[in-house]
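Please read the points below alongside the sequence and the model. They cover a cavity and a sheet.

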Amino acid sequence: MPFADLEAPAPLLRAISARGYTDPTPVQAAVLDPALRGRDLLVSSRTGSGKTIAFGLVAAREMLPEGEETLPAARGPLTLVVAPTRELAMQVSVELAWLLAETSARVTTCVGGTDMGRDLRNLRAGAHVVVGTPGRLVDHLERKALKLDGLRTLVLDEADEMLDMGFREELERILRDAPKERRTLLFSATIPSGIEALARTYQRDAARVAATPPRQAHQDIEVRAHLIAAREREHAVVNTLRMADAQSAIVFCGTRDSVNHMHANLVERGFSAVALSGELTQSERTRALKALRDGRARVLVATDVAARGLDLPDVGIIIQADLPQNAEVFQHRSGRTGRAGKKGISVLLVPAGSQRTAERMLTAASVRATWSPVAGPEEVRAKDRARLLIDLDQLARDPADDDLELARALLKERSPEELAAALVKVRRGELPAPEELPLSALVRETARKPAAKRSAPAASARSHAPSAASSTPKTNFAAAASRAHAAPPAAAHGSKARSHEPLKDGSVWFRVNVGRSQNADPRWLLPLICRRGGVVKNDIGQIRIQADETRFQISNAAAKRFEASAGKPDTKDKNIHISKLRERA
């Protein structure tokens, strides 16, 4: 159904048409359903679904006198919109200003961090629509500057976010002060019990509108999950950002410290990134968001609280570097991409040992994720080559005369091949280098093994000699790595830690450049040593984990063969090197 067929005020339809919109989004069509006219609404609708225009259309229908296209002079507000953050409130005001322009509606914004005197002047001058944050609106109610006697429509935008941010008391104060004969519209990405309780108390027989049913909440968002080693989280973020090469991206971390650490690492690697956390002042927050919107920064690193209420329309990918606390947080994070009909990607980085937790959360969110490895450096470089060919093709089109003149001069000094190589070098130099992820590869390798093999206790694996065809120990590396990350095994604390029996018939000592600082554990080192050296577990003697390396015995009979095999380049574990120990262990 096109906009023209909806029962919407003519001035708003003209404004919408001028913007190039022809068909309403599901939430816009739903709230203007003739069967719901005059009723309170409890609307589940994801961020970026067009809900600002939706409640603007409803509010205009309530404000405009029958048969009129313009509003009389404003006394008190006819519509009040409450939003969780300053940024969202200001964006809502801008959207309503153009939508209602032909009705002569006056729209004013009341948010924290701005001049209180200006708010008071605007309210005294009269406004048809007031948009504000809960705290500032309550301030004006207490000052008697904001009078709600003539209010016809009250909108709570992203109501679940406001409850999560601790604004329940402020919302209840606003709802109590508003006249009983009003329409109340609650818009929320999710409908948790707190929102339902608010609706029961302050709405009158509200119609439930599932403008974004749970099964459709992520229809424009591709959800990917990557199983990783916890220590390689930042490397995984780097490669994921490099593969996506999105116009803008958001990386979610669980704490302010994590945000600061992740931001510092990304900047050090050459990404144009900004950080948002609760410790920033409003001016610092504003500068960070401006850098994102004008393109000076392409990556935002943020906590859940700091990112609430943000409306960044061109976010191509969000990366959940720390697992969200629950399905609702996952939905809020993912809702920052795939907005207004655009496609987006939501990536979940799942540390070893947390796969079941992540799967339960995805099930609760009614989301099906594609599980795949994080892109390795070769995949990133291959993507770079493909992009570079496209970029160079575009650059070569319609050159300016000055550019051609300089090119001819350069060709007198250098060959075409040398000049092309120089251009490629410059473009590649602008890109952050991709990262190796050897430990994550081991996590995935072990996770793919049958459950019966993974669950066999390590003691059993040590006491029964395997056959030559079974060189992989029966141990769950994902769980072991998770435990090692939280609290390394007692045996790993001393430089003489013994995790395997000494060999009786003589041996040669080797070393591998992974130690306690990399959470080394015999239970995942054993399969690595066997695979790299082409030996079985009976050929391996003592394993001694030290700070930055691990030393281990190989039987005399297998030592020569092991040294030749382990010394070859390895595509799976490029950063893990094995060599013969020259001094005594």
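By class, how many nonpolar, polar and charged residues does the lining of the largest cavity have?

1. This is a predicted model, in which local features need pLDDT of at least 70 and side-chain atom pairs count only at pLDDT 80 or more, while totals for chains, interfaces and linings use all residues. Residues are numbered from 1 along each chain as its sequence is written, and side-chain values use heavy atoms, with hydrogens and water left out.

2. The lining of the largest cavity has 8 nonpolar, 2 polar and no charged residues (Ala, Val, Leu, Ile, Met, Phe, Trp, Tyr, Cys and Pro count as nonpolar, Asp, Glu, Lys and Arg as charged, the others, Gly among them, as polar). Among the lining residues are Phe 55, Gly 56, Met 63, Thr 79 and Val 129. Helix 3 gives the most, with 5 residues.

3. A cavity is a set of points on a 1 Å grid over the protein atoms alone where a 1.4 Å probe fits but cannot get out; lining residues have an atom within 4 Å of a point.

4. Elsewhere, 7 strands form an open sheet in the order 10-11-9-12-13-8-14, with parallel pairing. Strand 10 (273–276) and strand 14 (370–371) are at the edges with a single partner strand each, so one side of each lacks a neighbour in the sheet. Strands (E, at least two residues) and helices (H or I, at least four) are DSSP runs numbered from the N terminus; two strands pair if DSSP finds at least two bridges between them.

5. Strand 10 runs parallel to strand 11 (residues 299–302), joined by 4 bridges. Ala 273 is opposite Val 299 in strand 11.

Note on methods. 1 Å grid on protein atoms, 1.4 Å probe; cavity = no way out; pocket = protein on both sides within 12 Å on 5 of 7 lines; lining within 4 Å.
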